[in-house]
Amino acid sequence: MNTRKLIGKVSATEKNPSSCDEFQFWLSDDTILSPFDIVLVRNKTDNSITYGIVQDIFHITDGTGHISNYVSSDFGNAETAPLTRRLALSYAKVSVIHNTKENFMPVFEGSPVYMADGDDIQIALGLDSIDEKTAIPTGLMKVGNNDPVPIKYNGDFLIGPEGTHMNISGISGLATKTSYVMFLLKAIQHKYKEDVAIIVMNVKGDDLLHVHQPNEKITDAQRKDWDDLGIPCAPFENVKYLYPYRRQKSRLYANTALSTEDLEEQFHHQQAANFVYTFEHDINKVDMLFSNVDDPNYTIEFILNYIDYGLEFRGDLSWSDFKEALKGFCSKGSSRKNDSNILIQSWQRFRRLINNSINDDIFVNAKSAGKDQHQVYLSEEVLNIKGGEMTVVDIAGLTEQLQCFVFGDIIRSIYSLKHGDFDPDERSSDKPVPKKIIIFVDELNKYAPSTSSKSSPLLANLLDITERGRSEGIILFSAEQLRSAIHDRIKANCGTNIYGRTNAIEVSRPNYKYVPSVYANMMTRLKKGDLIIHHPVFKTLLKIQFPFPAYNQGGDK
């Protein structure tokens with residue numbers, strides 16, 4: 001106990017008594033304390049230790065009001081010393097999070113309060129009981145003026161089987177959401193190796209298109225953060241990049257912001273391919289094009305069902321043939337409209353949506369046999385993913401509707417892989433299906449908005465993942481700017497929630513109702529690299545920092 005710093009004593013008053021949930025203590029004048037700091041009190045009755053986390057800090061005097069303080073300084077003379085010296089003190093409000101003997105009797109008045117050290121924090125948060133085999137580094141927690149303490153997730157509650165899914169929200173750029181998720185994925189890849197496969201969606205420029213390359217800008221001090229957390233300060237291993245196909249040969253047939261030089265290098269090392277969609281292979285995925293289309297009368301669904309069975313849409317067709325066949329249902333006087341029992345106006349709307357969507361280069365009439373175009377089917381690439389691999393799918397250059405389409409294709413392909421619902425010949429890999437597959441998607445609000453239509457096929461797939469994916473080894477890591485913009489059922493099923501810097505309007509919404517007001521206010525002024533963590537095993541919200549990215553972040557390369 002002597003090695004811990006004494007910082008004050010418990011103060012229980014008539015108006016502010018100690019309880020089993022919280023207590024207050026006054027601080028010695030030389031103490032510097034912050035919200036999220038962890039303190040402890042030893043209970044004399046059974047020699048147990050009660051741990052608490054600082055929620056708020058106050059400073060009071062014996063002054064009855066501001067007027068008396070004003071008068072004591074010679075009626076508002078800021079240059080003079082006060083005529084009457086006020087009795088003053090600082091005190092902190094603490095939320096109880098743990099007792100070593102499950103004794104939750106209120107701590108006694110006058111009990112010494114100490115700053116917790118690194119070992120104390122492990123006990124207070126329940127980290128001492130986490131199996132190192134499943135522990136995943138979370139980040140570094142600052143303790144007073146001491147060195148930061150490494151914090152770890154319980155992997156069973158992050159990627160299963162006890163709990164799964166992670167969501168992070170915050171202002172673009174300042175919250176460093178993507179950087180933190182990539183740090184976490186690096187830790188998982190290092191820890192679980194061939195048991196886990198990772199699929200990442202690149203939605204901004206070339207941000208995630210160099211993750212196999214080291215970050216040449218990282219400093220020795222930043223490398224130390226990686227060492228403290230026990231993770232190699234190195235880029236990702238076994239990375240493959242998938243780009244939307246584009247007919248323009250000068251860009252190596254890839255629709256991407258990546259430089260031609262880097263593209264050539266990736267293709268040369270067989271790290272990249274261009275994905276395409278053909279009618280024969282992908283007509284059953286067309287419903288994903290309408291994920292964000294309002295369909296209150298289910299007319300689009302009726303048309304899609306008809307296409308599945310209609311004779312006009314069978315045989316060796318191309319996308320051009322498909323559009324031409326739709327044209328026949330949209331002409332006045334056509335007999336086909338009677339066969340389908342669907343109004344011409346509905347067919348016309350459907351055809352307009354199809355023409356607006358299937359005009360991108362990724363929709364080809366036939367897959368090219370030429371090696372220079374590097375064409376692959378995205379679903380087949382997912383079906384062949386192996387443990388220990390990371391696949392980066394670049395969708396930054398696609399429209400929002402096509403981004404939903406591609407993401408939906410990936411989700412369905414993962415389900416087919418995990419359920420064994422595919423032709424064995426489609427999986428060329430001789431390695432077993434990965435035990436767990438993690439999907440990371442930024443801008444989740446595009447795919448599962450709070451206002452999403454109940455008929456959205458993409459939303460249905462995402463809900464299925466968050467509600468049942470835990471038992472199947474399918475884990476969703478997601479990010480967005482505004483947590484309030486996400487579908488409630490997805491938020492409710494994310495076991496780990498992370499908050500970066502956000503704005504005051506956002507933290508005033510019901511999503512932050514359970515967050516203590518001091519912590520919510522801190523969210524509006526978190527500095528870059530600081531995050532607030534909520535994890536099932538942790539007994540409280542925590543504020544952490546994480547290491548600087550070890551991979552090349554692109555941009556000004």
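**Pocket and cavities, up close**

Modeller: Of the 557 residues in the protein, 53% are buried (under 20% relative accessible area with a 1.4 Å probe, protein chains only; over 50% is exposed, and in between is partly exposed). Keep in mind that this is a predicted model, where local features need pLDDT of at least 70 and side-chain atom pairs count only at pLDDT 80 or more, while totals for chains, interfaces and linings use all residues. Residues are numbered from 1 along each chain as its sequence is written, and side-chain values use heavy atoms, with hydrogens and water left out.

First, the setting. The C-alpha atoms fill a box of roughly 95 × 50 × 50 Å along the principal axes.

On a 1 Å grid over the protein atoms alone, a cavity is a set of points where a 1.4 Å probe fits but cannot get out; a pocket is an open set with protein on both sides within 12 Å along at least five of seven lines; and lining residues have an atom within 4 Å of a point. Grid points are joined across faces, edges and corners, and a volume is the space filled by probe spheres set on the points.

The largest pocket comes out at about 620 Å³. It has 25 lining residues, and the ones closest to its centre are Thr176, Ser179, Lys528, Pro549 and Gln553. Helices H3 (177-192) and H4 (220-229) each put at least two residues into that lining, with H3 giving the largest share, three residues. What kinds of residues are they? Eight are nonpolar, nine polar and eight charged (Ala, Val, Leu, Ile, Met, Phe, Trp, Tyr, Cys and Pro count as nonpolar, Asp, Glu, Lys and Arg as charged, and the others, Gly among them, as polar).

The largest cavity has a volume of about 60 Å³. Its lining holds 13 residues, with Lys186, Trp226, Phe236, Ala550 and Tyr551 nearest the centre. Here H3 turns up again as the biggest giver, with four residues. By class, this lining has 11 nonpolar residues, one polar and one charged.

The second largest cavity is about 40 Å³. You'll find Ser19, Cys20, Phe23, Thr50, Val96, Asn103, Phe104, Met105, Pro106 and Val107 lining it. That makes seven nonpolar, three polar and no charged residues.

Six strands close it in the order S1-S2-S5-S4-S3-S6, with antiparallel pairing (two strands pair if DSSP finds at least two bridges between them). For one of these pairs, look at S3 (38-42) and S6 (112-115): they run antiparallel and are joined by three bridges. There, Val41 stands opposite Val113 in S6.

One last stop: how many disulfides are there? The count is zero (a disulfide is a pair of cysteine sulfur atoms within 2.5 Å). Take Cys404: its sulfur is too far for a bond because the closest cysteine sulfur, in Cys494, is 18 Å away. Cys404 is buried, at 1% relative accessibility, and Cys494 is buried too, with a relative accessible area of 5%.
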